[in-house]
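Visitor: I would like to know what the words used for this structure rest on. Could you walk me through them?

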Amino acid sequence: MPESLYNILGVNKNADKNELKKSYRKLALKHHPDRGGNKDIFQKITDAYEILNDDNKRKIYDMHGIEAVRQGMGGPNDANDVFSSFFGNSNFMNMNMNNNQNNQRKEALVDEIIITMEQVYTGCTINKQYNINCKCNKCNGTGSKTGKCTTCNKCKGSGVQTTVRRMGPMIQQMQTMCSSCKGKGEIINDKDRCKYCNGKKAVLTKKNIEIKINPGVQEDEKIIFENNGHYKSDKSISDLVIIVKIKEHEKYKRINKSDIMVYHNISLIDLLTYSTQKIKHLNNKDIYFSSSSLIDPEKSYKLVNYGLQFNNGNTGDLYIKFKIDFPNNLNTNNNYKNTLKEILNQDYSNYNIKEENIKLLIEDFDEDIQDDDNDEDVMDGNGVQCQQQ
Ligand SMILES: [Zn+2]
Ligand SMILES: [Zn+2]
(Lines give C-alpha, C1' and ligand atoms only; values in the text may rest on other atoms or scores of the structure.)
(Ligands and ions follow the chains in the order given, each with its own letter.)
Protein backbone atom coordinates (compact mmCIF):
# COMPACT_ATOMS: atom_id res chain seq x y z
CA MET A 1 0.00 0.00 0.00
CA PRO A 2 1.42 3.41 -0.87
CA GLU A 3 2.19 5.81 1.93
CA SER A 4 -0.82 7.92 2.89
CA LEU A 5 -0.76 11.49 1.63
CA TYR A 6 -1.57 12.60 5.16
CA ASN A 7 1.53 10.79 6.44
CA ILE A 8 3.65 12.37 3.74
CA LEU A 9 2.57 15.81 4.91
CA GLY A 10 2.73 14.76 8.56
CA VAL A 11 -0.85 15.80 9.31
CA ASN A 12 -3.85 13.85 10.57
CA LYS A 13 -6.83 12.92 8.43
CA ASN A 14 -8.96 15.77 9.73
CA ALA A 15 -6.35 18.44 9.06
CA ASP A 16 -7.83 21.66 7.74
CA LYS A 17 -6.38 23.75 4.94
CA ASN A 18 -4.44 25.90 7.32
CA GLU A 19 -2.70 22.90 8.85
CA LEU A 20 -1.99 21.48 5.40
CA LYS A 21 -0.52 24.75 4.31
CA LYS A 22 1.65 25.10 7.40
CA SER A 23 2.96 21.59 7.15
CA TYR A 24 3.60 21.86 3.43
CA ARG A 25 5.43 25.12 3.86
CA LYS A 26 7.69 23.65 6.52
CA LEU A 27 8.46 20.48 4.56
CA ALA A 28 8.84 22.25 1.24
CA LEU A 29 11.40 24.64 2.66
CA LYS A 30 13.25 21.74 4.22
CA HIS A 31 13.32 19.57 1.11
CA HIS A 32 13.56 22.15 -1.66
CA PRO A 33 16.30 21.04 -4.11
CA ASP A 34 17.68 24.57 -4.21
CA ARG A 35 18.30 24.28 -0.50
CA GLY A 36 20.04 20.94 -0.80
CA GLY A 37 16.92 18.79 -0.48
CA ASN A 38 15.97 15.69 -2.43
CA LYS A 39 14.04 16.41 -5.64
CA ASP A 40 11.86 13.31 -5.40
CA ILE A 41 10.85 13.94 -1.80
CA PHE A 42 10.07 17.54 -2.67
CA GLN A 43 7.84 16.43 -5.56
CA LYS A 44 6.12 13.84 -3.35
CA ILE A 45 5.31 16.43 -0.69
CA THR A 46 4.07 18.86 -3.30
CA ASP A 47 1.86 16.24 -4.98
CA ALA A 48 0.36 15.31 -1.62
CA TYR A 49 -0.34 18.95 -0.85
CA GLU A 50 -1.82 19.59 -4.29
CA ILE A 51 -4.31 16.76 -3.86
CA LEU A 52 -5.28 17.34 -0.24
CA ASN A 53 -5.63 21.09 -0.71
CA ASP A 54 -8.18 20.56 -3.47
CA ASP A 55 -11.54 19.68 -1.87
CA ASN A 56 -12.66 17.67 -4.85
CA LYS A 57 -9.44 15.66 -5.21
CA ARG A 58 -9.28 15.13 -1.47
CA LYS A 59 -12.78 13.67 -1.48
CA ILE A 60 -11.91 11.29 -4.31
CA TYR A 61 -8.68 10.33 -2.58
CA ASP A 62 -10.42 9.67 0.74
CA MET A 63 -13.03 7.46 -0.91
CA HIS A 64 -11.15 5.69 -3.70
CA GLY A 65 -7.43 6.14 -3.12
CA ILE A 66 -4.55 7.70 -5.00
CA GLU A 67 -5.05 5.87 -8.31
CA ALA A 68 -8.55 7.30 -8.69
CA VAL A 69 -7.17 10.81 -8.23
CA ARG A 70 -4.30 10.25 -10.66
CA GLN A 71 -6.68 9.08 -13.39
CA GLY A 72 -8.50 12.36 -13.22
CA MET A 73 -5.41 14.52 -13.00
CA GLY A 74 -3.48 13.84 -16.18
CA GLY A 75 -0.07 14.10 -14.56
CA PRO A 76 1.43 15.81 -11.56
CA ASN A 77 1.85 19.55 -11.37
CA ASP A 78 5.23 21.17 -11.49
CA ALA A 79 6.42 21.17 -7.90
CA ASN A 80 8.33 24.39 -8.42
CA ASP A 81 5.18 26.09 -9.56
CA VAL A 82 3.35 25.18 -6.39
CA PHE A 83 6.35 26.16 -4.32
CA SER A 84 6.67 29.56 -5.92
CA SER A 85 3.01 30.19 -5.30
CA PHE A 86 3.96 30.09 -1.64
CA PHE A 87 7.21 31.89 -1.61
CA GLY A 88 7.19 33.97 -4.74
CA ASN A 89 9.76 33.73 -7.43
CA SER A 90 13.07 35.48 -7.25
CA ASN A 91 11.62 38.83 -8.29
CA PHE A 92 11.92 41.45 -5.61
CA MET A 93 8.56 42.68 -4.37
CA ASN A 94 6.78 40.51 -6.85
CA MET A 95 3.05 41.00 -7.18
CA ASN A 96 0.86 38.26 -8.47
CA MET A 97 -1.02 39.41 -11.53
CA ASN A 98 -2.86 36.14 -11.96
CA ASN A 99 -6.25 36.34 -10.34
CA ASN A 100 -7.46 33.00 -11.52
CA GLN A 101 -9.67 31.76 -8.74
CA ASN A 102 -9.61 28.12 -9.78
CA ASN A 103 -5.90 28.07 -9.58
CA GLN A 104 -5.34 29.14 -6.00
CA ARG A 105 -2.02 30.80 -6.44
CA LYS A 106 -0.97 32.87 -3.53
CA GLU A 107 2.25 34.49 -4.50
CA ALA A 108 4.07 36.07 -1.61
CA LEU A 109 5.39 39.58 -1.29
CA VAL A 110 9.12 38.97 -1.00
CA ASP A 111 11.78 41.29 0.38
CA GLU A 112 15.38 40.96 1.48
CA ILE A 113 16.91 42.35 4.61
CA ILE A 114 20.65 42.73 5.15
CA ILE A 115 22.00 42.37 8.67
CA THR A 116 25.45 42.40 10.25
CA MET A 117 27.27 39.55 12.02
CA GLU A 118 26.77 41.50 15.26
CA GLN A 119 23.01 41.32 14.68
CA VAL A 120 23.28 37.62 13.87
CA TYR A 121 25.04 37.07 17.20
CA THR A 122 22.69 39.05 19.39
CA GLY A 123 19.46 38.80 17.42
CA CYS A 124 17.65 42.02 16.59
CA THR A 125 14.41 43.72 15.71
CA ILE A 126 14.20 45.76 12.53
CA ASN A 127 11.34 48.06 11.65
CA LYS A 128 10.70 48.46 7.99
CA GLN A 129 8.00 50.23 6.07
CA TYR A 130 6.28 48.58 3.13
CA ASN A 131 3.81 49.81 0.57
CA ILE A 132 1.15 47.15 0.70
CA ASN A 133 -2.14 46.85 -1.14
CA CYS A 134 -4.58 46.69 1.76
CA LYS A 135 -8.26 45.88 1.53
CA CYS A 136 -10.27 49.01 0.67
CA ASN A 137 -12.36 49.89 3.74
CA LYS A 138 -14.84 52.02 1.81
CA CYS A 139 -16.14 49.10 -0.24
CA ASN A 140 -15.01 46.31 2.08
CA GLY A 141 -12.70 45.00 -0.60
CA THR A 142 -15.42 44.41 -3.18
CA GLY A 143 -14.52 47.26 -5.53
CA SER A 144 -18.15 48.39 -5.82
CA LYS A 145 -20.40 50.66 -3.78
CA THR A 146 -23.17 48.10 -3.55
CA GLY A 147 -20.79 45.20 -3.10
CA LYS A 148 -22.17 43.66 -6.28
CA CYS A 149 -20.26 42.67 -9.34
CA THR A 150 -21.14 40.62 -12.36
CA THR A 151 -19.31 37.46 -13.27
CA CYS A 152 -17.47 37.84 -16.57
CA ASN A 153 -19.35 36.07 -19.35
CA LYS A 154 -16.33 35.36 -21.48
CA CYS A 155 -14.31 33.40 -18.92
CA LYS A 156 -17.20 32.45 -16.62
CA GLY A 157 -15.40 34.11 -13.74
CA SER A 158 -12.17 32.19 -13.99
CA GLY A 159 -10.21 35.15 -15.34
CA VAL A 160 -8.44 32.91 -17.82
CA GLN A 161 -9.10 31.60 -21.27
CA THR A 162 -7.88 28.10 -22.04
CA THR A 163 -6.72 27.08 -25.47
CA VAL A 164 -5.60 23.58 -26.40
CA ARG A 165 -2.64 23.19 -28.69
CA ARG A 166 -1.32 20.01 -30.23
CA MET A 167 2.45 19.75 -30.53
CA GLY A 168 3.28 16.42 -32.20
CA PRO A 169 2.21 13.70 -29.77
CA MET A 170 1.78 16.19 -26.93
CA ILE A 171 -1.30 18.19 -26.10
CA GLN A 172 -0.50 21.48 -24.50
CA GLN A 173 -3.02 23.52 -22.59
CA MET A 174 -2.36 27.22 -22.73
CA GLN A 175 -3.90 29.60 -20.27
CA THR A 176 -4.05 33.28 -21.03
CA MET A 177 -5.59 36.17 -19.17
CA CYS A 178 -9.20 36.87 -20.10
CA SER A 179 -9.21 39.95 -22.31
CA SER A 180 -12.72 40.98 -21.35
CA CYS A 181 -12.28 41.28 -17.59
CA LYS A 182 -8.47 41.60 -17.62
CA GLY A 183 -8.20 38.44 -15.54
CA LYS A 184 -10.45 39.69 -12.75
CA GLY A 185 -13.21 37.18 -13.48
CA GLU A 186 -15.81 39.82 -12.81
CA ILE A 187 -17.00 43.12 -14.17
CA ILE A 188 -17.97 46.09 -12.03
CA ASN A 189 -20.51 48.50 -13.39
CA ASP A 190 -18.96 51.96 -14.00
CA LYS A 191 -21.55 53.75 -11.83
CA ASP A 192 -21.19 51.28 -9.02
CA ARG A 193 -17.43 51.38 -8.96
CA CYS A 194 -15.89 52.38 -5.60
CA LYS A 195 -14.38 55.85 -6.01
CA TYR A 196 -11.86 55.33 -3.23
CA CYS A 197 -10.05 52.33 -4.72
CA ASN A 198 -11.33 52.83 -8.28
CA GLY A 199 -12.70 49.31 -8.30
CA LYS A 200 -9.33 47.80 -7.45
CA LYS A 201 -10.62 46.53 -4.08
CA ALA A 202 -7.34 47.48 -2.44
CA VAL A 203 -5.52 50.70 -1.63
CA LEU A 204 -1.75 51.11 -1.46
CA THR A 205 -1.00 51.73 2.21
CA LYS A 206 2.22 52.30 4.15
CA LYS A 207 2.59 49.56 6.73
CA ASN A 208 5.27 49.28 9.40
CA ILE A 209 6.49 45.77 9.89
CA GLU A 210 8.48 44.77 12.93
CA ILE A 211 10.92 42.07 11.89
CA LYS A 212 12.21 40.00 14.79
CA ILE A 213 15.42 38.16 14.00
CA ASN A 214 16.54 35.39 16.30
CA PRO A 215 20.18 34.97 17.33
CA GLY A 216 21.99 32.55 15.04
CA VAL A 217 19.79 33.32 12.04
CA GLN A 218 21.04 31.65 8.85
CA GLU A 219 21.83 33.22 5.49
CA ASP A 220 18.69 33.05 3.28
CA GLU A 221 16.46 32.17 6.20
CA LYS A 222 12.89 33.20 5.51
CA ILE A 223 10.81 35.09 8.02
CA ILE A 224 7.18 34.71 7.06
CA PHE A 225 4.44 37.13 8.02
CA GLU A 226 1.31 35.26 7.16
CA ASN A 227 -1.41 37.33 5.53
CA ASN A 228 0.64 40.52 5.69
CA GLY A 229 1.18 40.94 1.97
CA HIS A 230 -1.14 42.30 -0.69
CA TYR A 231 -4.93 41.98 -0.63
CA LYS A 232 -5.98 40.10 -3.72
CA SER A 233 -9.18 40.40 -5.71
CA ASP A 234 -10.11 36.86 -4.67
CA LYS A 235 -10.19 38.26 -1.08
CA SER A 236 -7.09 36.34 -0.08
CA ILE A 237 -4.09 38.12 1.41
CA SER A 238 -0.63 37.03 0.41
CA ASP A 239 2.17 36.45 2.88
CA LEU A 240 5.06 38.83 3.38
CA VAL A 241 8.30 36.87 3.21
CA ILE A 242 11.55 38.45 4.38
CA ILE A 243 14.76 36.76 3.29
CA VAL A 244 17.73 37.33 5.57
CA LYS A 245 21.09 38.22 4.02
CA ILE A 246 24.20 38.55 6.17
CA LYS A 247 26.89 41.14 5.50
CA GLU A 248 30.47 39.94 5.64
CA HIS A 249 32.39 40.93 8.75
CA GLU A 250 36.00 42.05 8.49
CA LYS A 251 37.12 39.87 11.40
CA TYR A 252 34.42 37.37 12.26
CA LYS A 253 33.48 34.65 9.85
CA ARG A 254 30.78 32.05 10.24
CA ILE A 255 32.22 28.61 9.53
CA ASN A 256 29.05 26.58 9.93
CA LYS A 257 25.61 26.86 11.48
CA SER A 258 26.84 27.58 14.98
CA ASP A 259 30.63 28.11 14.96
CA ILE A 260 32.45 31.31 14.10
CA MET A 261 36.08 32.13 13.49
CA VAL A 262 38.06 35.25 14.22
CA TYR A 263 41.56 36.30 13.23
CA HIS A 264 43.58 37.72 16.08
CA ASN A 265 46.86 39.57 15.83
CA ILE A 266 49.31 38.74 18.58
CA SER A 267 52.66 40.39 19.09
CA LEU A 268 55.73 38.20 19.08
CA ILE A 269 56.53 39.11 22.67
CA ASP A 270 52.96 38.31 23.83
CA LEU A 271 53.15 35.01 22.03
CA LEU A 272 56.51 34.12 23.58
CA THR A 273 55.43 35.15 27.08
CA TYR A 274 51.94 33.54 26.96
CA SER A 275 50.40 36.93 27.70
CA THR A 276 46.67 37.32 28.26
CA GLN A 277 44.90 38.49 25.14
CA LYS A 278 41.72 40.46 24.62
CA ILE A 279 39.24 40.41 21.78
CA LYS A 280 36.00 42.31 21.38
CA HIS A 281 33.26 39.82 20.68
CA LEU A 282 30.31 40.45 18.37
CA ASN A 283 28.21 41.59 21.33
CA ASN A 284 30.84 44.29 21.99
CA LYS A 285 31.99 42.54 25.18
CA ASP A 286 35.68 41.87 25.80
CA ILE A 287 36.86 38.30 26.16
CA TYR A 288 40.20 37.64 27.87
CA PHE A 289 42.08 34.47 27.16
CA SER A 290 45.52 32.96 27.22
CA SER A 291 47.24 29.78 26.14
CA SER A 292 49.24 27.40 28.29
CA SER A 293 51.41 26.38 25.37
CA LEU A 294 53.24 28.28 22.67
CA ILE A 295 50.67 29.40 20.12
CA ASP A 296 51.19 28.03 16.64
CA PRO A 297 49.79 30.33 13.94
CA GLU A 298 49.29 27.32 11.70
CA LYS A 299 46.75 25.86 14.10
CA SER A 300 43.22 26.84 15.16
CA TYR A 301 42.29 27.36 18.78
CA LYS A 302 38.83 27.59 20.20
CA LEU A 303 36.87 29.16 23.02
CA VAL A 304 34.10 26.73 23.85
CA ASN A 305 30.55 28.17 23.86
CA TYR A 306 31.65 31.53 22.49
CA GLY A 307 30.21 30.78 19.08
CA LEU A 308 26.65 31.61 18.03
CA GLN A 309 24.00 31.28 20.69
CA PHE A 310 20.52 30.12 19.88
CA ASN A 311 17.24 30.74 21.69
CA ASN A 312 16.94 27.03 22.43
CA GLY A 313 20.11 27.19 24.52
CA ASN A 314 22.44 25.65 21.94
CA THR A 315 25.78 27.35 21.51
CA GLY A 316 28.64 27.01 19.10
CA ASP A 317 32.36 27.64 19.58
CA LEU A 318 34.59 30.55 18.68
CA TYR A 319 37.66 29.51 16.70
CA ILE A 320 40.69 31.75 16.82
CA LYS A 321 43.43 31.91 14.23
CA PHE A 322 46.52 33.86 15.15
CA LYS A 323 48.61 36.21 13.10
CA ILE A 324 51.93 37.23 14.56
CA ASP A 325 52.89 40.88 14.65
CA PHE A 326 56.66 40.95 14.45
CA PRO A 327 58.56 43.81 16.05
CA ASN A 328 60.12 46.33 13.69
CA ASN A 329 63.46 46.18 15.42
CA LEU A 330 65.23 43.74 17.64
CA ASN A 331 67.88 44.64 20.11
CA THR A 332 71.05 43.44 18.47
CA ASN A 333 72.93 43.03 21.72
CA ASN A 334 74.53 39.60 21.54
CA ASN A 335 73.83 38.86 25.19
CA TYR A 336 70.10 39.21 24.57
CA LYS A 337 70.32 37.01 21.55
CA ASN A 338 72.08 34.33 23.49
CA THR A 339 69.56 34.57 26.31
CA LEU A 340 66.72 34.22 23.79
CA LYS A 341 68.33 31.16 22.29
CA GLU A 342 68.63 29.71 25.73
CA ILE A 343 64.99 30.43 26.57
CA LEU A 344 63.73 28.97 23.34
CA ASN A 345 65.96 25.99 23.94
CA GLN A 346 66.68 25.52 20.30
CA ASP A 347 69.81 24.27 18.64
CA TYR A 348 70.55 27.09 16.21
CA SER A 349 73.22 26.35 13.67
CA ASN A 350 76.16 28.66 13.53
CA TYR A 351 77.91 28.75 10.24
CA ASN A 352 81.57 29.49 10.19
CA ILE A 353 81.56 31.40 6.98
CA LYS A 354 83.56 34.45 6.11
CA GLU A 355 81.62 37.72 6.30
CA GLU A 356 82.26 38.58 2.62
CA ASN A 357 80.65 35.27 1.51
CA ILE A 358 77.32 36.01 3.17
CA LYS A 359 74.66 37.49 0.90
CA LEU A 360 72.21 40.18 2.01
CA LEU A 361 68.55 39.27 2.12
CA ILE A 362 66.28 41.94 0.67
CA GLU A 363 62.63 42.18 1.60
CA ASP A 364 60.35 41.88 -1.37
CA PHE A 365 57.23 44.07 -1.26
CA ASP A 366 55.55 42.57 -4.30
CA GLU A 367 53.16 40.05 -2.85
CA ASP A 368 52.14 38.79 -6.28
CA ILE A 369 55.45 37.09 -6.80
CA GLN A 370 55.09 33.50 -5.79
CA ASP A 371 57.59 31.51 -7.78
CA ASP A 372 61.31 31.79 -8.32
CA ASP A 373 60.98 32.23 -12.08
CA ASN A 374 60.03 35.86 -11.69
CA ASP A 375 63.19 37.00 -9.94
CA GLU A 376 63.76 39.67 -12.59
CA ASP A 377 60.96 41.65 -10.97
CA VAL A 378 62.45 41.60 -7.50
CA MET A 379 62.84 45.10 -6.20
CA ASP A 380 66.18 46.14 -5.00
CA GLY A 381 67.45 49.12 -3.11
CA ASN A 382 64.32 49.83 -1.04
CA GLY A 383 64.17 46.55 0.75
CA VAL A 384 64.96 46.08 4.39
CA GLN A 385 68.24 44.38 4.67
CA CYS A 386 69.02 41.82 7.27
CA GLN A 387 72.25 40.18 7.58
CA GLN A 388 72.62 36.63 8.63
CA GLN A 389 75.21 36.16 11.27
ZN1 LIG B 1 -13.23 37.31 -18.04
ZN1 LIG C 1 -13.03 50.49 -2.61
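What follows is a conversation about the terms and the values behind them.

Guide: One caution at the start. This is a predicted model.

Visitor: What is the mean confidence of the protein chain?

Guide: The mean pLDDT is 82. The scale runs from 0 to 100. In the protein chain, 83% of residues reach 70 or more.

Visitor: How many helices and strands does the protein chain have?

Guide: Nine helices and 17 strands. The chain has 389 residues, and 20% of them count as buried.

Visitor: Why is helix 4 said to lie largely in the open?

Guide: A buried residue needs 20 or more other C-beta atoms within 10 Å of its own. Helix 4 covers residues 55-64, and one of its ten residues is buried, so the helix lies largely in the open. Just after helix 4, Gly-65 has a positive phi of about 95 degrees.

Visitor: What makes a group of residues a nonpolar core?

Guide: The members are buried residues of the nonpolar kinds, joined through C-beta atoms within 7 Å. The largest such core has 14 residues. Leu-5, Leu-9, Ile-45 and Ala-48 touch the most other members.

Visitor: Which helices supply at least two residues of this core?

Guide: Helix 1 (5-9), helix 2 (17-31) and helix 3 (39-52) each do. Helix 3 gives the most, with six residues.

Visitor: Which residues is Ala-48 in contact with, leaving aside its neighbours within four places in sequence?

Guide: Leu-5, Ile-8 and Leu-9. Contact here requires C-beta atoms within 7 Å. There is also a second, separate core of nine residues, which includes Tyr-121, Ile-260, Leu-308 and Phe-322.

Visitor: How do you know that strand 1 and strand 9 pair?

Guide: Pairing takes at least two bridges. Seven bridges join strand 1 to strand 9 (residues 240-246), so the pair qualifies. The two strands run parallel. In one of the bridges, Glu-112 has Ile-243 of strand 9 as its partner.

Visitor: Why are strand 1 and strand 8 placed at the edges?

Guide: The open sheet has the order 1-9-8, with mixed pairing. Strand 1 (109-115) and strand 8 (222-225) each have a single partner strand, so one side of each is left without a neighbour in the sheet. The twist averages 25 degrees from one strand to the next.

Visitor: What is the order of the open sheet of four strands?

Guide: The order is 10-11-15-14, and the pairing is mixed. Strand 10 (252-254) and strand 14 (300-303) are the edges; each has a single partner, so one side of each lacks a neighbour in the sheet. Here the twist averages 35 degrees from one strand to the next.

Visitor: In what sense do strand 14 and strand 15 pair, and over how many bridges?

Guide: Strand 14 and strand 15 (residues 318-325) are antiparallel, over four bridges. At least two are required, so they count as a pair. Ser-300 has Lys-321 of strand 15 as its bridge partner.

How values were computed
Residues numbered from 1 in each chain as written. Chains lettered and ligands numbered in written order. Predicted model: local features only at pLDDT ≥ 70, side-chain atom pairs only at ≥ 80, totals over all residues. Buried ≥ 20, exposed ≤ 12 C-beta atoms within 10 Å, placed from the backbone. Axes fitted to C-alpha atoms, helices over the stretch in contact; angles between N-to-C directions. pLDDT = per-residue confidence, 0-100. Contact = placed C-beta atoms within 7 Å.
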